[in-house]
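Here is a friendly walk through one protein model, from its strands to its ring contacts and charged pairs. Keep the 3D view open as you read.

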Amino acid sequence: MLKVDEDMNFMQIALQLAQQAQENGEVPVGALVVQNGVIIGRGFNRSITAADPTAHAEVVAMRDAGKNLANYRLLDCTLYVTLEPCVMCVGAIFHARIKRVVYAATDPKTGACGSVIDLPSEIRLNHHMQVTAGIMSTEASMLLKNFFAQRRNTASQGDHEN
């Protein structure tokens, strides 16, 4: 029970980071890197504002953690993220040697931890991580659905103005 409570506490913080992304006009995804119960990296989507296709929440959080540890290897760390990581992010997670990934909402379009493809289960790869899915998935899903509904609504209002 302790692990579930800890996962929920850290996911709540990741959801707050996702809300920061949304406030900046980004897709609301937040992530944290935790080592021994301490947050060592934080991030949220910044692809649009940074004009950087690699600035996904997971990558931003791992970059922050790497700087804080002065090491690109994030051994014995857990990555918490509000949306299932994509192929690019799973690749970065592999290279960082993250031990565990905990994500909230599944991503049926680009998810690489089971939804579209399951890279962590690929036995031919040289690194494997434990994956826990669905922690606070309802909250993360609603944040994403509301964000995209608002964008569609704004776009359709713009269409009617012309």
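## Ground rules

A residue is called buried at under 20% relative accessible area, exposed at over 50%, and partly exposed in between, using a 1.4 Å probe and protein chains only. Met136, with a relative accessible area of 12%, is therefore buried.

The model is a predicted one, in which local features need pLDDT of at least 70 and side-chain atom pairs count only at pLDDT 80 or more, while totals for chains, interfaces and linings use all residues. Residues are numbered from 1 along each chain as its sequence is written, and side-chain values use heavy atoms, with hydrogens and water left out.

Helices (H or I, at least four residues) and strands (E, at least two) are DSSP runs, numbered from the N terminus.

How many of its residues are buried? The count is 6 of the 6, so strand 1 is largely enclosed by the rest of the structure. Gly30, Leu32 and Val34 point one way from the strand, while Ala31, Val33 and Gln35 point the other way.

Strand 1 has pairing partners, where pairing requires that DSSP finds at least two bridges between two strands. With strand 2 (residues 38-44) it pairs in the antiparallel sense over 6 bridges, and Ala31 has Gly43 as its bridge partner there. These two strands form a hairpin with 2 residues between them, and Asn36 in the turn has a positive phi of about 55°. With strand 3, strand 1 pairs in the antiparallel sense over 5 bridges; here Val34 stands opposite Thr78.

## Aromatic rings

Which rings meet? Rings of Phe, Tyr and Trp (its six-membered ring) pair if their centres lie within 6.5 Å; planes under 30 degrees apart count as stacked, over 60 as edge-to-face and the rest as tilted. A search of the whole structure gives 2 aromatic pairs.

Phe147 and Phe148 form an edge-to-face pair, 5.1 Å centre to centre and with 80° between the planes. Phe147 counts as buried because its relative accessibility is 5%, whereas Phe148 counts as partly exposed at 33%.

## Salt bridges

A salt bridge is a side-chain nitrogen of Lys or Arg within 4 Å of a carboxyl oxygen of Asp or Glu. By this rule there are 4 salt bridges. One of them joins the side chains of Arg100 and Asp7 at 2.6 Å, N to O. It links distant parts of the chain, with Arg100 in strand 4 and Asp7 in helix 1, 93 residues apart. Arg100 is buried, with a relative accessible area of 6%, and Asp7 is buried too, at 2%.

Lys99 forms a salt bridge with Asp76, with the closest N and O atoms 3.9 Å apart. Lys99 lies in the loop between helix 3 (87-96) and strand 4, and Asp76 in the loop between helix 2 (57-69) and strand 3, so the pair ties together parts that are 23 residues apart in sequence. Both Lys99 and Asp76 are exposed. Glu122 and Arg124 also meet through their side chains, at 2.6 Å, N to O; Glu122 is partly exposed at 23% relative accessible area, and Arg124 is exposed at 72%.

Most residues other than glycine have a negative phi. Ala51 has a positive phi of about 50° although it is not a glycine. Ala51 lies in the loop between strand 2 and helix 2, and its 70% relative accessibility makes it exposed.

Met136 also has a positive phi, near 60°, and is found in the loop between strand 5 and helix 4 (137-161).
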